[in-house]
Amino acid sequence: MPRSFPVQISPSMMCANLWRLEEQVRQLEQAGVDTLHFDIMDAHFVPNMPVGLVMLEQLRAHTQLPFDVHLMVENNDFFVQKLATIGVQQISVHAESAVHLDRTLALIRSSGIMPGVALNPATSLDALTYVLEQMDFVLLMTVNPGFAGQQMVPSAYRKIADCRAFLKQHAAHISIEVDGNVSFEKIPRLVAAGADILVAGTSSIFHKDGTLPENARRARQVIAEGLEMRKEMPLAR
Ligand code: DX5
Ligand code: ZN
């Protein structure tokens, strides 16, 4: 049965100009992006802390766009409870930090939020095997987490294709989100390999050489190229 996930664009808000946040969020709404991606880090799981809960709380009051939260923390359950009160639509937790992954995914689901599992580049897809029933999406890191502006790891395309095959083998109706150096040049191959949700940062939506509306239009064009290529790739269809 062919999947019916349209490819989504999720701008990575840690790459936004926080001084011009209102203007940028309005431009992203008008550009028709699908969700806003927020990277919540605790300076322990990864050595950085770009945005915090208060930013999400304040933004929540001003936009209807769904919030896609990517947790890179050690105490996932604490942040899940906080985010549930803020009102977010999807949360991914790293398998590498979630000691009780099944329980944490159930906590997210019981809060009325879509649960996802994030995997570092080197982490095997096998980490998903016994939680497939508990999750709606997998987030594949295509860079090592913690910073924007990095180069994609060499194994990225292969891991996305392997992930699509893995999900097909388990008949799991789960979307694949990719995060890290998702550039205009790389998007066609990422989509062709099976990516459904694109976290767009410094090398696409927030690319310095274009305005947000221009970059969003360009992203849709290269996604369309990738969907054409995907027709030639039986596994990714
Ligand atoms: C990194 C974050 C990404 C990052 C993407 O850990 O998860 O969302 O902001 O930025 P670029 O697209 O510049 O790699
Ligand atoms: Zn992220």
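I began with the helix pair α2 and α3, where α2 passes α3 in a right-handed crossing. The model I am reading is a predicted one.

Entry 1, α2 against α3. I looked up the extents and the geometry: α2 covers residues 53–60 and α3 covers residues 76–86, and their axes come within 10 Å and cross at roughly 15 degrees. Angles under 35 degrees count as roughly parallel, and α2 and α3 are therefore roughly parallel to each other. I then listed the residues that meet. From α2 I noted Leu53, Leu56, Glu57 and Arg60, and from α3 I noted Phe79, Lys82, Leu83 and Ile86. Sorted by class, the residues of this contact of α2 with α3 are five nonpolar, no polar and three charged.

I turned to helix α4, residues 101–110, which packs with α3 at an angle of about 5 degrees, the axes being 10 Å apart. That angle makes α3 roughly parallel to α4. On the α3 side I recorded Asn76, Asp77, Val80 and Gln81, which meet Thr104, Leu107 and Ile108 of α4. The contact of α3 with α4 comprises three nonpolar, three polar and one charged residues.

I located Gln134 in the loop between β5 (114–119) and β6 (137–141). Its side chain is joined to that of Asp102 by a polar contact of 3.0 Å. Leaving aside residues up to four places away in sequence, I found that Gln134 touches Asp102, Leu105, Ala106, Arg109 and Pro115.

I counted 20 residues around ligand 1, of which Ser12, Gly146, Asp179, Asn181 and Thr202 come nearest. I next checked distances from oxygen atoms of the ligand. For Gly146, a polar backbone atom is 2.8 Å from an oxygen atom of ligand 1. For Asp179, an N or O atom in the side chain is 2.8 Å from an oxygen atom of ligand 1. For Gly201, I noted a polar backbone atom 3.5 Å from an oxygen atom of ligand 1.

How values were computed: Residues numbered from 1 in each chain as written. Chains lettered and ligands numbered in written order. Predicted model: local features only at pLDDT ≥ 70, side-chain atom pairs only at ≥ 80, totals over all residues. Heavy atoms only, no water. Axes fitted to C-alpha atoms, helices over the stretch in contact; angles between N-to-C directions. Helix = DSSP H or I, 4+ residues; strand = E, 2+ residues; numbered from the N terminus. Parallel < 35°, antiparallel > 145°, perpendicular 65-115°, else oblique. Left-handed = near helix turned anticlockwise from the far one by under 90°. Contact = heavy atoms within 4.5 Å. Nonpolar A, V, L, I, M, F, W, Y, C, P; charged D, E, K, R; others polar. Near = heavy atom within 4 Å. Polar contact = N/O pair within 3.5 Å; in protein donor to acceptor, adjacent residues only side chain to side chain.
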